[in-house]
Amino acid sequence: MNISDSELIAASLEKEGLVKMDMIDADVVVFNTCSVRKHAEDRAVARLREAKAHKRKRGIVIAAGCLSQHIGTRLLEDKICDIAVGPYESPNIAQIIREFLKDNSRNLFISSEKDDFAGRLHPSLIMRPEREHWHRFVTITHGCENFCTYCIVPHVRGPLISFNSEEIIDFIKQLPRSGVFEVTLLGQNVNQFGQDNGDISFCQLLERVSTIPGIEKINFMTSHPKDFNPDIIRQIANNNTIARSIHLPLQSGSDEILKRMNRGYNVKHYIELIDSIRQAGDIAITTDLIVGFPGETEEQHKESMALIKEIGYDDAYMYAYSPREGTVSAKYDMQLSKETKNRRLTELITMQREITVSRLDNLIGKKEKIVVERVSRKNDNEVSGKTFSNRQAVLAGSRDDIGKIFTIEYEKVNGATLYGKKV
Ligand code: SAM
Ligand code: SF4
């Protein structure tokens, strides 16, 4: 979502005639920030301070994104930035700079009124040369109102806003003109698409996007176990254009913790979803997990470990719980020590690494389509890319292969790297 927002910010500035350059010489420096974990905020503040020190005499430093929405007033008071812009207005940055140059007392732009929401499907993004020229992120929903008790997103990105399905489809229809054949549909919980405005369902949207001429691969993220349903699984299983990979965040393997996280599902429901996905065919499954939620006992941590082992994810993003000011769980008693959280995280990461490698080993001999993304850093005669199940793989090739689709057969796994050959 942040990469996608950064593209909108860049497009807004380029339209105004600004060009990308090193921070040292730039007149305007924009940091697009994240607030999901404290560590991300601390890093953003440090980078902003550094930029502000460089720009003491000349230049404007802008903090964009969720950090500004969260603590924009504080950033301005502490003189860490010149302008603070929340996610609602990130795509309007050029206009905001113009206003600031006329009147520098107007420097805080953190409204979350729906009327102030700047759209995400800008025509300027269609022809904009991106690093991955064959791929575009397409935001289909903004915000979230699920209020998981640990999560700051609903507080900083505001309520769910689904974009109009016809506008999304019209936008995607224009993309193949500039060489795009892959799209990633984005939302905090894409499965809730249309629930706020009575539009078609997410499953219907997937089906419609898959019929657009020129679109050959559709990814989507993120799904939520409480809203994910068998129709979506069937759609993926029967539709060659949709990536065979599902990111389905579990967060915890303990019913008690899931309840206190306000996730809206239990372990039994989650396992049923996994079983249905596995029955539908060879679809990669990845997840997000949080260890050390307030009050998580050693027993509950072991429940998470056991469930993760049982499910056998292809990969997982694992985090130590980070209390976020303003969220419900930050006020819970029994916050765990840093040592406990880090130890549990290490245990989990070590176990998942082994599972990831063994899942890769099982692929040897299988064939799959791949989109080549780049020349390998270690070897000029090798390229790497993402397969149609969104696994990273390496194969023999050259720069000319970038942005093309090949079929490969998996040959070996080295460390955690999957190797294949073109067939
Ligand atoms: N909307 C998505 C969902 O519901 O899965 C993801 C949103 S969040 C930006 C991405 C991941 O960050 C979450 O799935 C969760 O695992 C993690 N996360 C969110 N808040 C966190 C917190 N306070 N501490 C640690 N991890 C957190
Ligand atoms: Fe955060 Fe939960 Fe919304 Fe995901 S679904 S963005 S974790 S509140």
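Which residues does Gly295 touch, not counting residues up to four places away in sequence? In this predicted model, Gly295 touches Arg260, Gln300, Met334 and Leu336 once those neighbours are set aside, where contact means heavy atoms within 4.5 Å. Gly295 belongs to the loop between β11 and α11 (298-311), the helices (H or I, at least four residues) and strands (E, at least two) being DSSP runs numbered from the N terminus. With a relative accessibility of 12%, Gly295 counts as buried, a class that covers residues under 20% relative accessible area, whereas exposed means over 50% and partly exposed lies in between (1.4 Å probe, protein chains only). Gly295 and Leu336 stand 41 residues apart in sequence, and their C-alpha atoms are 6.9 Å apart in space.

Because the model is predicted, local features need pLDDT of at least 70 and side-chain atom pairs count only at pLDDT 80 or more, while totals for chains, interfaces and linings use all residues. Residues are numbered from 1 along each chain as its sequence is written, chains are lettered from A and ligands numbered from 1 in the order in which they are written, and side-chain values use heavy atoms, with hydrogens and water left out.

The protein as a whole contains 12 helices and 17 strands. Its radius of gyration is 22 Å, close to the 22 Å that the globule rule gives for 423 residues, so the protein is as compact as a globular protein of that length; this radius is taken over C-alpha atoms, and the rule is 2.2 Å times the number of residues to the power 0.38. The C-alpha trace spans about 65 × 55 × 50 Å along the principal axes of the protein. Of the 423 residues, 52% count as buried, and among contacts between residues at least 6 apart in sequence, 70% join residues at least 24 apart. The accessible surface of the protein comes to about 19800 Å², of which 48% belongs to carbon and sulfur atoms, the areas coming from the Shrake-Rupley method with a 1.4 Å probe and, for residues, with only the protein chains shown counting as cover.

Ligand 1 has 15 residues around it, of which Tyr150, Gln188, Gln251, Asp288 and Ser322 come nearest; a residue is near a molecule if one of its heavy atoms lies within 4 Å of it. By class, this shell has 7 nonpolar, 4 polar and 4 charged residues, where Ala, Val, Leu, Ile, Met, Phe, Trp, Tyr, Cys and Pro count as nonpolar, Asp, Glu, Lys and Arg as charged, and the others, Gly among them, as polar. An oxygen atom of ligand 1 lies 3.1 Å from a polar side-chain atom of Arg37, an oxygen atom is 3.4 Å from an N or O atom in the side chain of Arg263, and for the side chain of Asp288 the corresponding distance is 2.6 Å. Taken alone, ligand 1 exposes 560 Å², and the protein buries 90% of that. The elements that give two or more residues to the shell are β11 (284-291) and β12 (315-320).

Strand β11 also contains Ile290 and Thr287. Ile290 is buried at 9% relative accessibility, and, leaving out residues up to four places away in sequence, its contacts are Tyr150, Gln251, Met261, Glu296, Tyr319 and Tyr321. Thr287 is buried at 0% relative accessibility, and its contacts beyond four places in sequence include His247, Leu250, Tyr270 and Tyr317. Gln251, in the loop between β10 (245-247) and α9 (255-260), is likewise buried, with a relative accessible area of 7%, and has a positive phi of about 70° although it is not a glycine.

Around ligand 2 lie Cys144, Asn146, Phe147, Cys148, Tyr150, Cys151, Val153, Pro154, Gln188, His224 and Arg263, and this shell divides into 7 nonpolar, 3 polar and 1 charged.

Two further details concern the backbone. A cis peptide bond, with omega about 5°, joins Met221 and Thr222, and Thr222 has its place in the loop between β9 (217-221) and α8 (230-237). Asn390 has a positive phi of about 60° although it is not a glycine, and at 26% relative accessibility Asn390 counts as partly exposed.

Conventions. A polar contact is a pair of N or O atoms within 3.5 Å; within protein, one must be able to donate a hydrogen and the other to accept it, and residues adjacent in sequence count only if both atoms are side-chain atoms.
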